Amino acid sequence: MESWTVTITFTDEGKIRAIVNADHLQKFNDRQFVQIDGNVRVDFFDEAEKHTSLLTAEFAEIEEISNYMVAFENVVVVSDSGVNLYTDTLSLDHEAELIFTDDSVMVTTEEQDTLYGIGFESDLQMEEWTILKPSGVTAKDAE
């Protein structure tokens with residue numbers, strides 16, 4: 001099955017947790033798998049349905065049963081808290097409410113920090129995040 005100009009809404013107990021938009025969707029029934037491409041945009045919401053972050057990518061793949069998603073190429077996550085993530089691939093586990101990658105990352109913050117590294121893990125709101133192998137410069141004092 002194929003569709004154009006699509007919107008997919010992910011909910012948890014009736015509350016909107018993510019809205020996915022894309023120009024094109026291909027659904028593969030035999031594998032219960034969806035591929036989306038063209039202006040992929042995912043808006044994330046917290047438990048109170050308040051917008052928390054926006055992910056953009058070239059294309060993404062979604063496993064229908066688990067809602068597990070992997071975004072590819074020019075992946076950018078802009079959080080409403082001021083943290084921005086740039087990478088080539090990013091996995092989203094909606095059940096665990098985590099985003100993560102093993103690829104190279106660049107993270108910027110509203111405090112003018114720019115951090116680089118390999119590997120990244122975060123909650124969907126990007127409030128609690130970790131670069132697994134970090135490098136870069138920060139304006140913060142070491143604790």
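This is a predicted model: local features need pLDDT of at least 70, side-chain atom pairs count only at pLDDT 80 or more; totals for chains, interfaces and linings use all residues.
Phe 28 is partly exposed, with a relative accessible area of 27%. Phe 33 is buried at 13%. Residues are numbered from 1 along each chain as its sequence is written, and side-chain values use heavy atoms, with hydrogens and water left out.

The charged end of Arg 31 sits over the ring of Phe 28, 5.2 Å from its centre. The charged end of Arg 31 also sits over the ring of Phe 33, 4.8 Å from that centre. A charge sits over a ring if NZ of Lys or CZ of Arg is within 6 Å of the ring centre and within 35 degrees of the ring normal.

## Aromatic pairs

How many aromatic pairs does a search of the whole structure find? The search finds four. Phe 28 and Phe 33 form a tilted pair, because their ring centres are 5.7 Å apart and their planes meet at 35°. Phe 59 and Phe 72 form a stacked pair, with 4.9 Å from centre to centre and 20° between the planes. Phe 59 lies in strand S4 and Phe 72 in strand S5, so this pair ties together parts that are 13 residues apart in sequence.

The cut-offs work like this. Rings of Phe, Tyr and Trp (its six-membered ring) pair if their centres lie within 6.5 Å. Planes under 30 degrees apart count as stacked, over 60 as edge-to-face, and the rest as tilted. Strands (E, at least two residues) and helices (H or I, at least four) are DSSP runs, numbered from the N terminus.

## Salt bridges

The structure holds four salt bridges. In each, a side-chain nitrogen of Lys or Arg is within 4 Å of a carboxyl oxygen of Asp or Glu. One of them joins Arg 17 and Glu 47, whose closest N and O atoms are 3.9 Å apart. This pair links distant parts of the chain: Arg 17 is in strand S2 (residues 15-28), and Glu 47 is in the loop between strand S3 (33-45) and strand S4 (51-63), 30 residues apart. Arg 17 is buried, at 8% relative accessible area. Glu 47 is partly exposed, at 47%.

Arg 17 also meets Glu 97 in a salt bridge, 2.8 Å from N to O. Glu 97 lies in the loop between strand S6 (84-93) and strand S7 (98-108), and Arg 17 in strand S2, so the pair ties together parts that are 80 residues apart in sequence. Glu 97 is partly exposed, at 22%. Another salt bridge joins Lys 27 and Glu 64, 3.0 Å from N to O. Lys 27 lies in strand S2 and Glu 64 in the loop between S4 and strand S5 (68-79), so this pair ties together parts that are 37 residues apart in sequence. Glu 64 is partly exposed, at 30%. Through shared partners, salt bridges join Arg 17, Glu 47 and Glu 97 into one network.

## The nonpolar core

In soluble globular proteins, nonpolar side chains tend to be buried together. A nonpolar core is a set of buried Ala, Val, Leu, Ile, Met, Phe, Trp, Tyr and Cys residues joined through side-chain atoms within 4.5 Å. The largest one here has 31 residues. Which of them touch the most other members? They are Ile 36, Val 42, Leu 55, Met 69, Leu 85 and Phe 120. The elements that give two or more residues to this core are strand S1 (2-12), S2, S3, S4, S5, S6, S7 and strand S8 (114-123). S3 gives the most, with five residues.

Beyond residues up to four places away in sequence, Met 69 touches Val 42, Leu 55, Ala 60, Glu 61, Ile 62, Leu 90, Ser 91 and Leu 92. Contact means heavy atoms within 4.5 Å.

Thr 52 is in strand S4. Is Thr 52 buried or exposed? Thr 52 counts as buried, at 8% relative accessibility. Leaving aside neighbours within four places in sequence, its contacts include Phe 44, Asp 46, Ser 79 and Leu 124.

Glu 61 also lies in strand S4. Glu 61 is partly exposed, at 26%. Glu 61 and Glu 110 are 49 residues apart in sequence and 30 Å apart in space, C-alpha to C-alpha.

Methods. Buried means under 20% relative accessible area, exposed over 50%, partly exposed in between (1.4 Å probe, protein chains only).
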